[in-house]
Amino acid sequence: MTAPVSPAPLVRAPGAPDASGVRIGVVTFPGSLDDQDAARAVRLSGAEAVPLWHASQSLDGVDAVILPGGFSYGDYLRAGAIARFSPLMGELITAARGGLPVLGICNGFQILCEAHLLPGALIRNDVRTFVCKDQRLRVESTDTVWTHDFLPGEEITIVLKNGEGGYVADTETVARLEGENQVVFRYLEGNPNGSVGDIAGITNERGNVVGLMPHPEHNVESLTGPSLDGRRFFSSVIGFVQTVR
Amino acid sequence: MARVVVEVMPKPEILDPQGKAVTGALARLGFEGMTVRQGKRFEIEVEGELDEQRLAQVRDAAERLLANTVIEAYDVRADDAPVVEAEPSLQPSTVGTLTEDVQQ
């Protein structure tokens with residue numbers, strides 16, 4: 001297999017900040033589906049999208065990394081279980097522990113949990129069906145590199161589409177996540193998948209690694225979604241990278 | 001060649017939607033009073049002698065990859081059944097014996 005080809009660059013969206021020079025890697029595993037959408041969202045936000053191939057051992061000096069949605073390695077064994085041991089993930093785990101911003105979306109969230117960069121696990125939806133809907137969420141924590149452009153308590157709409165989105169963790173872990181402000185997003189208007197505490201997304205202690213089941217990369221253009229709330233994930237990390245430089 | 005069996009089950013406190021779906025289907029078929037939890041069984045053919053060190057390696061594999069110990073428990077044991085190479089010429093009687101071995 002060959003590395004994915006990066007499509008032609010897009011002009012950044014009107015109003016997006018000048019993020020030239022900010023390079024955000026998007027990892028493609030065999031079975032990734034939303035890597036191109038994630039790269040497109042990065043470019044719309046004004047940054048450079050850098051394709052990263054799972055079999056590579058180099059992060060190519062990127063400023064942040066997105067693990068996209070899909071079914072890496074066909075979800076064989078468990079969702080994310082095999083992807084977690086790919087060569088690139090070895091590099092990524094080290095870099096994430098050193099503070100590199102990492103966003104795991106859906107399958108990417110499952111991979112981050114399997115890699116123990118985030119606590120807990122994702123199991124099959126309690127409703128026993130694939131769920132695909134525009135999901136209302138509350139932003140519970142803006143104290144992460146991926147969410148600081150939101151307002152605390154803000155309610156947003158991001159598309160949710162998965163079969164294994166039920167977040168579970170032991171009681172002690174959930175208490176710690178709640179107590180340390182590491183729950184980043186919570187489902188509103190009903191729990192779509194049985195996640196404990198209506199948890200839709202979490203972060204690590206440092207706030208540089210965020211995982212969530214909904215797909216912010218699909219909510220960046222008015223043509224294809226009811227909100228543009230996904231854009232602020234990307235503006236948040238771009239702002240962070242520009243600030244720490 | 002020896003065989004080691006690793007069984008992986010969702011922990012009791014973890015919801016098992018697959019098991020629930022199977023339980024519901026059994027009830028609809030008229031199998032009453034049966035509650036199912038669904039797990040996985042791995043049959044691992046191990047080269048060389050199956051000593052304690054080799055079993056420890058399989059336990060390590062189960063811990064690191066085959067099971068996610070956040071949500072699953074696993075059991076590792078040596079399988080006494082002889083390892084039979086799958087051949088198209090297997091007679092039905094042989095297949096029956098294999099099935100019984102698996103069920104032990």
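Hi everyone, some housekeeping before we look. Residues are numbered from 1 along each chain as its sequence is written, with chains lettered from A and ligands numbered from 1 in the order in which they are written. Because the model is predicted, local features need pLDDT of at least 70 and side-chain atom pairs count only at pLDDT 80 or more, while totals for chains, interfaces and linings use all residues.

Let's start with chain A. It has five helices and eleven strands; these are DSSP runs numbered from the N terminus, H or I of at least four residues for helices and E of at least two for strands. Its C-alpha atoms fill a box of roughly 40 × 35 × 35 Å along the principal axes. Of its 245 residues, 55% count as buried, meaning that 20 or more other C-beta atoms, placed from the backbone, lie within 10 Å of a residue's own.

Now, which residues of helix 3 of chain A are buried? They are Asn107(A), Gly108(A), Phe109(A), Gln110(A), Ile111(A), Leu112(A), Cys113(A) and Glu114(A). After the helix comes His116(A), with a positive phi near 65°.

On to the cores. A nonpolar core here is a set of buried Ala, Val, Leu, Ile, Met, Phe, Trp, Tyr and Cys residues joined through C-beta atoms within 7 Å. The largest one holds 77 residues, and Ile24(A), Val26(A), Val42(A), Val65(A), Leu112(A) and Val237(A) touch the most other members. Helix 5 (residues 231-244) of chain A gives the most to this core, with six residues. Leaving aside residues up to four places away in sequence, Val237(A) touches Ile24(A), Ala64(A), Pro101(A), Val145(A) and Trp146(A), where contact means C-beta atoms, placed from the backbone, within 7 Å. There is also a second, separate core of eight residues, including Val58(B), Leu66(B), Tyr74(B) and Val76(B).

Finally, how do the chains meet? Nine residues of chain B are in contact with 13 residues of chain A. On the chain B side, helix 1 (residues 17-28) gives the most, with three residues. By class, that side has seven nonpolar, two polar and no charged residues; Ala, Val, Leu, Ile, Met, Phe, Trp, Tyr, Cys and Pro count as nonpolar, Asp, Glu, Lys and Arg as charged, and the others, Gly among them, as polar.

Key: Contact = placed C-beta atoms within 7 Å. Buried ≥ 20, exposed ≤ 12 C-beta atoms within 10 Å, placed from the backbone.
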